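Dear colleague,

I am passing on a structure that is new to you, followed by some notes on what was found in it. Please look through the sequence and the model before reading on.

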Amino acid sequence: MLLRRLPSAAVATARGLATAPGAGRQLLMRQLFEPQSCTYTYLLADGATGDAVIIDPVLDTVPRDLRLLRELGLTLRYAANTHCHADHVTGSGALRRALGCASAISRASGASADLRLGEGDELRFGSFALRVVPTPGHTPGCVTFVLDDSSMAFTGDALLVRGCGRTDFQQGCARTLHRSVHERIFTLPESCRIYPGHDYHGHTMSTVGEERRHNPRLRLSADDFVALMERLRLPRPRLMDVAVPANLRCGIQDEP
């Protein structure tokens, strides 16, 4: 089975290779950056088995990702998306064709993929698993991937370092996003590392505790947050008309 329910587990993790005391697990992690859309891609693997998952791959940087997978001797099991992106074309289709991995995205996104994920599902790679936590608001289909010991959360555009994703297109809803962050992300352990889908200010990660205390948007009440988001008046993403149709296919059909 590709998709399983989550068992309990504990592991200490870091950005390189970490060993879990008493558990014998080793997690390899690489945080990768695509400069045009300021997108973070995350590669996670079991250091013992080589089984890997990639989160939010970008089509333009698939050659880099393929090279890294080959250099590290990893077997990619999943190419997973936190949501249907509007600012870049996903690389999950190209990785699927090159390596035979399964593409994955939230069922609520309306996109096609090999795996359409929902609450309580998980992506297992070796002795590790990512739990699927719906965090809608930026789009209805946003999810956060939480490592099985709750030490890491890959939040996509729901929660950024000292910020959050916009809510003014793709059926976004500011009130829903505020509720998602407070009820599904801020309830994780304070030490849980937050790895965002983008950054525009030189940050790489944060923690739940930091964001609860210092995120200038998410410290607001729900009403004040909604008012703030309505005032942003952000420009339309440059690639939206190309990216969204391609990403709705999420690897089932060829990208344009």
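How many bridges join strand 9 to strand 10, and do these strands run parallel or antiparallel? Strand 9 (residues 128–134) and strand 10 (residues 143–147) are joined by 5 bridges and run antiparallel, with valine 132 standing opposite phenylalanine 145 of strand 10. Two strands are said to pair if DSSP finds at least two bridges between them, while strands (E, at least two residues) and helices (H or I, at least four residues) are DSSP runs numbered from the N terminus.

Please keep in mind that this is a predicted model, in which local features need pLDDT of at least 70 and side-chain atom pairs count only at pLDDT 80 or more, whereas totals for chains, interfaces and linings use all residues. Residues are numbered from 1 along each chain as its sequence is written, and side-chain values use heavy atoms, with hydrogens and water left out.

To begin with the whole protein, its secondary structure comes to 6 helices and 13 strands. Of its 256 residues, 57% count as buried, where buried means under 20% relative accessible area, exposed means over 50%, and partly exposed lies in between (1.4 Å probe, protein chains only). Among the contacts with a separation of 6 or more, 62% are between residues 24 or more positions apart, a contact being heavy atoms within 4.5 Å.

Most residues other than glycine have a negative phi. Serine 150 counts as buried, because its relative accessibility is 17%.

Glutamate 34 has threonine 39 of strand 3 as its bridge partner, and glutamine 31 has tyrosine 42. The hairpin of these two strands has 4 residues between them, and in this hairpin cysteine 38 takes a positive phi near 55°. Strand 3 also runs antiparallel to strand 4, to which 4 bridges join it, and here the bridge partner of leucine 44 is valine 53. This second hairpin likewise has 4 residues between its strands, and glycine 50 in the turn has a positive phi of about 80°.

Is strand 3 mostly covered or mostly open? It is mostly covered, with 8 of its 8 residues buried. Side chains in a regular strand alternate between the two faces of the sheet. In strand 3 both faces are covered, with Thr39, Thr41, Leu43 and Ala45 buried on one side and Tyr40, Tyr42, Leu44 and Asp46 buried on the other.

Helix 1 (residues 62–72) has Val62, Arg64, Asp65, Leu68 and Leu69 as buried residues. Seen down the helix axis, these buried residues fall within an arc of 155°, so they line one face of the helix; the arc is that of the directions from the helix axis to the C-beta atoms. Pro63, Arg70 and Glu71, on the other side of helix 1, are exposed. The buried residues of helix 1 pack against strand 2, strand 3, strand 4 (51–55), strand 5 (75–80) and helix 2 (92–99). Just after helix 1 comes glycine 73, with a positive phi of about 65°.

Finally, there is 1 cavity of 30 Å³ or more. A cavity here is a set of points, on a 1 Å grid over the protein atoms alone, where a 1.4 Å probe fits but cannot get out, and lining residues have an atom within 4 Å of a point. The largest cavity holds about 30 Å³ of space, and its lining consists of Arg166, Thr167, Asp168, Met229, Leu232, Arg233 and Leu234. One of these, arginine 233, lies in the loop between helix 5 (222–230) and helix 6 (240–247) and has a positive phi of about 50° although it is not a glycine. Arginine 233 counts as exposed, because its relative accessibility is 70%.

With kind regards

Key: On a 1 Å grid over the protein atoms alone, a cavity is a set of points where a 1.4 Å probe fits but cannot get out, and a pocket is an open set with protein on both sides within 12 Å along at least five of seven lines; lining residues have an atom within 4 Å of a point. Grid points are joined across faces, edges and corners, and a volume is the space filled by probe spheres set on the points.
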